[in-house]
Amino acid sequence: MSTEHTHDHGHGNGHDHGHHHHEESWVSKYVFSQDHKMISKQFLITAIFMGVIAVMLSIFFRLQLGWPGEKFGMLNFFLGDKWAPDGLLEKNAYLAMVTIHGTIMVFFVLTGGLSGTFANLLIPLQVGARDMASGFLNMLSYWAFALSSVIMVASLFVEGGAASGGWTIYPPLSALPQAMPGSGTGMTLWLISMVFFIASSLLGGLNYIVTIINLRTKGMSMTRLPLTVWALLVTAILGVLSFPVLVSCAVLLLMDRSFGTAFYLSDIFIQGEALDVTGGSPILFQHLFWFLGHPEVYIVLLPALGISSEIIATNARKPIFGYKAMVGSILAIGFLSFIVWGHHMYVTGMNPFLGSVFVFTTLLIAIPSAVKAFNYITTLYQGNIRFTPGMLFSIGLVSTFVTGGLTGIILADSALDVNVHDTYFVVAHFHIVMGMSAIFGMLGGVYHWFPKMFGKMMNTKLGYAHFWITLVCGYGVFFPMHFVGLAGAPRRYYDYSEFEFLQWVMDLNPIISVFAIVGGAAQLLFIFNFFHSIYYGQPATQNPWGSNTLEWTTPVKHIHGNWPGAIPEVHRWAYDYSNPEHDDDFVPQVVPLKPGEHGH
């Protein structure tokens, strides 16, 4: 598609400039909005709300793990007599909390919060479009996400409790409603919630892809796109290709649960009775689940990496090192993420040769990941660094991405993985990679683009305090867990004090729990800073960070259509920082090239 045609199309997308003169009603502006900037705020605030629930759940079960058998009035206060009689956490409630905590964090906070917020906010603004390709689909995407969130939270309150099979909901626990209390209604609601969630992701993803490919402004070639947009494009493609597999996985599970089929049920005895439907295999479920589950890791990580690329280049006042290598690594990670799912399944009795193939592909994905890490470090090297809160979180992401990646090499190797499979070592690994790296990318993005979203600045001192407490507590929680896992402590157990060989681990558990509680409490600083700054923050200037990308050319006060008048034309790439041919240390993409200047 020619750039001229793209430019015209982008123009026609503006609904005429008279469009924003008639006042929208409160409902059409804030509730059923089709403006991508408002939808990004809706996603972010929903994700923050879900994140608060997930962190509270994790504090509840860390109390039990740190001090098994102790009674906490706080548990009784929040959970009532059914789930925490006399302040002692009930065993089924413990399993339900671990499950819902994981589910909310992976899907609702990291996927919805990162892609939903930043793809919506940045894609039209950074490619130079009036809005998303379809504002209506975009609105539907948010409301499917909101409905999914409501159903997931509601499942905590049903008789028998929420789903309790772990966030991966392996059968047969999830396939037999009679298996345990959490396998009943709570599990059915979990599956229904996920179907709405996936619908939301597909609607959003298709919109993002079409917008990036078709609605770029004049001069915005693919090689001039900011790395954030590249990351969000590949993320959307991964979602569109892999989420439908989870739909089929969930539908087959619903049929096993409710319609007497046996896709995942083999020869099972439950309460002394043999099941009358057999012939399926729970391993089939794992193949379907992890075929989504591994691309999902990168659906979560790639937006965070793209965001940090932008923030690091802006605040190091240097061009990003190796732009084409960074784009190549994003594409390579996207491709490889589809052929590594079997490394979750080394202990299922798979053919050792097949295992070795998955070892190879999994180790291969370390190469583009390392390219990203080295390019960040090289961009920082000899940069004129400004330590904004967003920059600190982005540098923190580089740290956790490297430390989490190192333990990933151990888990990638089938011979080593067998020893630590399903122990706390795995929990430690993926929490550092997903729980810390992705969250750091998300928080960095919020601090960096807050002025664009709300026209105000967040409080920097509170941002610094938030970063340091979160970093120290994050490592304080997940670093010791590696040793707990190497000692052989299985994950998702209610009480480790019953095992003789794990007695020494019981000294580490209270320390981990204290760090978890302090780290959880530190997020209140962020939440206060966020909501207080929306109303009382210092008003933002148009381009507070001295950044080159197109979103900082729009007025501080939001208008539907982003730019008053014509959409700006792009003349150069997004990373012209400290260019010796220019007096300023940044040259926005809209500045025409000087005679003889090379424009990337």
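Start by selecting Asp422: with a relative accessibility of 36%, aspartate 422 counts as partly exposed. Before you go further, keep in mind that this is a predicted model.

**Stop 1**

With Asp422 still selected, look at the backbone. Aspartate 422 isn't a glycine, yet its phi is positive, at about 60 degrees. To place it, find the loop between α14 (414–420) and α15 (424–454). Why flag this at all? Most residues other than glycine have a negative phi, and most peptide bonds are trans.

Now jump to Ile169, another non-glycine with a positive phi, this one about 40 degrees. Is isoleucine 169 buried or exposed? Its relative accessible area is 2%, so isoleucine 169 is buried. You'll find isoleucine 169 in the loop between α6 and α7.

The peptide bond joining proline 171 and proline 172 is cis, with omega at about 5 degrees. Proline 172 sits in the loop between α6 (135–154) and α7 (185–214).

**Stop 2: helices around α12**

Next, show α10 and α12 as cartoon. Two packed helices are described by the angle between their axes and the distance between the axes. Helix α10 covers residues 323–336 and helix α12 covers 366–380; their axes come within 8 Å and cross at roughly 150 degrees. That makes α10 roughly antiparallel to α12, because an angle over 145 degrees counts as such. The crossing of this pair, α10 and α12, is left-handed.

On the α10 side, pick Ala325, Met326, Ser329, Ile330, Ala332, Ile333 and Leu336; on the α12 side, pick Pro368, Ser369, Val371, Lys372, Asn375 and Tyr376. Colour them by type and the contact of α10 with α12 splits into nine nonpolar residues, three polar and one charged.

For the contact, select Thr362, Leu363 and Leu364 in α11, which meet Ala366, Ile367 and Pro368 in α12. What is the make-up of the contact of α11 with α12 in nonpolar, polar and charged residues? Five are nonpolar, one is polar and none is charged. Notice that Pro368 belongs to this contact with α11 and to the one with α10 as well.

**Stop 3: charged pairs**

Side chains of opposite charge can pair when their charged atoms come close. How many salt bridges does a search of the whole structure find? It turns up six. Let's visit a few.

Select Asp585 and Arg317. They form a salt bridge whose closest N and O atoms are 2.9 Å apart. This pair links distant parts of the chain, 268 residues apart: aspartate 585 is in the segment after β4 (538–539), and arginine 317 is in the loop between α9 (282–316) and α10. Aspartate 585 is partly exposed, at 33% relative accessible area, while arginine 317 counts as buried, at 3%.

Now move to Arg572. One partner is aspartate 576, with the closest N and O atoms 2.7 Å apart in their salt bridge. Arginine 572 has a relative accessible area of 0%, which means buried, and aspartate 576 is buried too, at 8%.

Glutamate 597 forms a salt bridge with arginine 572, and the closest N and O atoms are 2.8 Å apart. Both residues are in the segment after β4, so the pair ties together parts 25 residues apart in sequence. Shared partners join Arg572, Asp576 and Glu597 into one salt-bridge network. Glutamate 597 is buried, like arginine 572.

**Last stop: Leu502**

Leucine 502 belongs to the loop between α16 (460–486) and α17 (505–536). With 0% relative accessible area, leucine 502 is buried. Which residues does leucine 502 touch, leaving out those up to four places away in sequence? Display Ala487, Gly488, Ala489, Pro490 and Tyr496.

Then draw a distance from Leu502 to Trp67. Leucine 502 and tryptophan 67 are 435 residues apart in sequence, and their C-alpha atoms are 14 Å apart in space.

Terms used:
Residues numbered from 1 in each chain as written. Predicted model: local features only at pLDDT ≥ 70, side-chain atom pairs only at ≥ 80, totals over all residues. Heavy atoms only, no water. Axes fitted to C-alpha atoms, helices over the stretch in contact; angles between N-to-C directions. Helix = DSSP H or I, 4+ residues; strand = E, 2+ residues; numbered from the N terminus. Parallel < 35°, antiparallel > 145°, perpendicular 65-115°, else oblique. Left-handed = near helix turned anticlockwise from the far one by under 90°. Contact = heavy atoms within 4.5 Å. Nonpolar A, V, L, I, M, F, W, Y, C, P; charged D, E, K, R; others polar. Salt bridge = Lys/Arg side-chain N within 4 Å of Asp/Glu carboxyl O. Buried < 20%, exposed > 50% of the residue type's maximum accessible area, 1.4 Å probe, protein only.
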